[in-house]
Amino acid sequence: MRITLPLCTLLFCSMANAAVHAAPTVSAAPAVPTVPAVPAPALTRATPAAPVIPVAPALPFAAREVTLDVGGGTLRGTELAPKAGESGKVPVVLLLAGSGPTDRNGNSIALPGANDSLKMVAEGLAARGIASVRYDKRLIAASVSPQWSEADLRFDDFVNDAVAWIRQLKTDPRFSRVVVAGHSEGALIAAGACRRGAADGCVEIAGIGRGLDEVLDEQLKPHLAPEQFAQHTRIVASLKEGKLADAVPPELMMLYRPSVQPYLISSLRHEPRDAIAALTMPVLIVQGTSDIQVKVADAEALAKAQPAAKVVIVEGMNHLLKIVGDDQALQVKSYGSNELPVAPQLLDAVANFVQGL
């Protein structure tokens with residue numbers, strides 16, 4: 001059996017304008033990434049005993065829409081927090097979504113349905129007495145603005161936006177501390193934002209531990225003909241030099257269209273290991289063993305760059321933060337369905353980290 005998923009989910013794809021660009025499909029080998037037989041001493045493994053069944057929230061919480069004006073436009077998001085009067089000040093987690101047209105809930109127009117991964121994370125944290133804010137990135141869902149365009153977007157815009165959220169949350173008297181948790185590309189954004197915004201803690205969930213060019217090479221090579229891969233290599237080499245690439249072939253236009261190349265140039269300048277090494281606050285790294293996009297080796301690379309970090313490896317968790325193990329039908333289903341809950345091991349790891357600060 002082979003897994004067919006949108007190309008945008010199999011690599012850290014370029015930023016896509018949700019209203020204009022659609023993702024093609026490719027076939028990905030179903031093999032689960034190889035996990036080292038003996039993990040590094042810093043790694044903690046969380047093993048599910050059985051499929052997880054959602055439980056009722058342990059604590060009542062309330063949701064409200066929140067906004068933040070930045071750079072000529074407005075970012076829109078959702079806050080979940082324990083209901084007023086239930087407890088005193090509580091910690092708050094700023095949740096950052098992954099690459100491409102991924103919204104505040106972890107859903108994407110490039111996927112066949114709603115997986116609601118980040119929404120579930122927010123609800124799971126709220127049930128554990130931890131507030132959260134998650135928001136639509138620039139140009140995505142409710143945060144679309146006529147003053148922003150894909151051609152003008154840069155990776156640092158996302159970092160700046162996250163820093164602005166951190167600073168706003170720090171001024172809110174309801175919150176005792178501010179932690180940033182980024183998923184996928186959001187993990188790299190989180191590292192930069194945590195440093196600049198002086199967050200109280202930083203959580204990297206399914207974040208790459210290599211340069212974007214290395215990830216693109218690894219994930220595209222099995223799906224491109226040799227001549228197409230050579231074109232990809234040429235384009236990326238040009239972008240790494242800070243130069244726009246011309247003559248993009250049609251089959252690569254979704255990834256390297258002219259309007260997104262400036263964003264990719266800015267992204268390629270950010271190295272995940274350097275970013276996490278620069279952090280001075282407590283850091284948590286979480287990675288699943290059934291992730292077909294990011295490997296356990298990436299988490300180990302991040303941990304090597306930041307030896308003080310706590311690392312939790314969740315057995316059977318995939319890139320959508322769901323427990324799928326080696327069940328390929330579940331792997332496929334998780335990308336387009338919200339029937340599977342997020343891994344409780346992930347929620348426990350993040351909650352324990354936040355509450356222990």
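This is a predicted model: local features need pLDDT of at least 70, side-chain atom pairs count only at pLDDT 80 or more; totals for chains, interfaces and linings use all residues.

Before anything else, a word on "buried": it means under 20% relative accessible area, with exposed being over 50% and partly exposed in between, using a 1.4 Å probe and protein chains only. Residues are numbered from 1 along each chain as its sequence is written, and side-chain values use heavy atoms, with hydrogens and water left out.

Let's begin with leucine 75. Is it buried or exposed? It counts as buried, because its relative accessibility is 0%. Leucine 75 is found in strand S5; strands here are DSSP runs of E, at least two residues, and helices are runs of H or I, at least four, numbered from the N terminus. Contact, for us, means heavy atoms within 4.5 Å. Leaving out residues up to four places away in sequence, leucine 75 touches a list that includes Val66, Leu68, Tyr135, Trp148 and Trp165. Look also at lysine 137: its C-alpha is 6.8 Å from that of leucine 75, though the two are 62 residues apart along the chain.

Now zoom out to the strand. S5 covers residues 73–82, and eight of its 10 residues are buried, so the rest of the structure largely encloses it. Which strands does S5 pair with? Pairing requires that DSSP finds at least two bridges between two strands. One partner is S4, residues 61–70, antiparallel to S5 over 10 bridges. In that pairing, aspartate 69 sits opposite threonine 74. The S4 and S5 hairpin has two residues between the strands, and glycine 71 there takes a positive phi near 45°. Another partner is S7, residues 131–135, also antiparallel, joined to S5 by four bridges. There, glutamate 79 faces valine 133.

Serine 184 has a phi of about 60° and lies in the loop between strand S8 and helix H3. At 6% relative accessibility, serine 184 counts as buried. Leucine 321 has a phi near 70°, in the loop between strand S11 and helix H10. Leucine 321 is buried too, at 1% relative accessibility.

On to the core. A nonpolar core is a set of buried Ala, Val, Leu, Ile, Met, Phe, Trp, Tyr and Cys residues joined through side-chain atoms within 4.5 Å. The largest one here has 66 residues, and those touching the most other members include Leu94, Trp165 and Tyr256. Helix H2, residues 155–170, gives the largest share of this core, eight residues. Leucine 94 touches, among others, Val133, Tyr135, Trp165 and Val180, not counting residues up to four places away in sequence. In general, nonpolar side chains tend to be buried together in soluble globular proteins.

Last stop, two helices. H4 (residues 212–220) and H5 (residues 226–240) have axes that come within 11 Å and cross at roughly 175°; the axes are lines fitted to C-alpha atoms over the stretch in contact, with angles from 0 to 180 degrees between N-to-C directions. That makes the two helices roughly antiparallel, a label for angles over 145 degrees, while under 35 is roughly parallel, 65 to 115 roughly perpendicular and the rest oblique. Where they meet, H4 brings Asp213, Leu216, Asp217 and Leu220, and H5 brings Phe229, His232, Val236 and Lys240.
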